[in-house]
Amino acid sequence: MATLSMDLRPHLTAAAEAELPLVLQLARSTALCTVKLFAYLAEIDRPSSRANLFYKSCAPSDVCAACPSVETGRDMFFDRPMSAMIWARLDVPIPAGRLSVWDLQASLPLQVDVWNAGVTVILWAIWKARNDLVFNAKTSMSSSVLRRVCDNLTLWRWRFKAVDWAPLDLLRSFIISRVS
Ligand SMILES: [Zn+2]
């Protein structure tokens, strides 16, 4: 965890860094700590988007690698065509303007915490696809990103409470039905 916080620190604003001990404490409560901490950064719009890096003079431009927009967290996770397609495939409406990732509505009946875990895994997969584009010039289809989500739900299954396995499997089956 010490390594994780050191890795993240250069990407944080002073305000976020001040909150870091609390966030790390929250994250430590679960084995999915890296992904949960990442979701927290996404939620407060402090992922290492080009807009944030450019603002801190750490990137030559703030323009997105995937579309002509400035790469904000919102553009990265919801507005760029591939990301928009992911949420559309899952029938999750994305409200205009400022949004909380925890307010996204599931299109199937799931407990809130299971759906939120699913949202976190989806955001994580979008982030990995974005990095593949930026660092490896590799374009991902929404279907391959959603398959990665399903793989991660399987890989991380044991990290969830056993009582959540059935609803997680339901979510996984739903996602598979939307990519095939
Ligand atoms: Zn974009």
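From the N terminus on, I read the elements of the protein chain as α-α-α-α-α-α-α-α-α, that is, 9 helices and 0 strands, where helices (H or I, at least four residues) and strands (E, at least two) are DSSP runs numbered from the N terminus. I keep in mind that this is a predicted model, in which local features need pLDDT of at least 70 and side-chain atom pairs count only at pLDDT 80 or more, while totals for chains, interfaces and linings use all residues. Residues are numbered from 1 along each chain as its sequence is written, and side-chain values use heavy atoms, with hydrogens and water left out.

Next I looked up the zinc ion, which is coordinated by Cys64 (SG), Cys67 (SG), Asp75 (OD) and Asp75 (OD) at 2.1 to 2.7 Å; donors are N, O and S atoms within 2.8 Å of the metal (3.2 Å for Na, K and Ca), and since water is not among the atoms, sites may look incomplete. The spacing of the donor residues in sequence is C-x2-C-x7-D. Cys64 counts as buried because its relative accessibility is 7%, and Cys67 counts as buried at 14%, where buried means under 20% relative accessible area (1.4 Å probe, protein chains only).

Last, I turned to helix H7 (residues 112-136) and helix H8 (residues 142-155), whose axes come within 9 Å and cross at roughly 130°, with axes being lines fitted to C-alpha atoms over the stretch in contact and angles running from 0 to 180 degrees between N-to-C directions. In H7, residues including Trp124 and Lys128 meet H8 residues, among them Arg148 and Asn152, contact meaning heavy atoms within 4.5 Å.

Definitions and conventions. Buried < 20%, exposed > 50% of the residue type's maximum accessible area, 1.4 Å probe, protein only.
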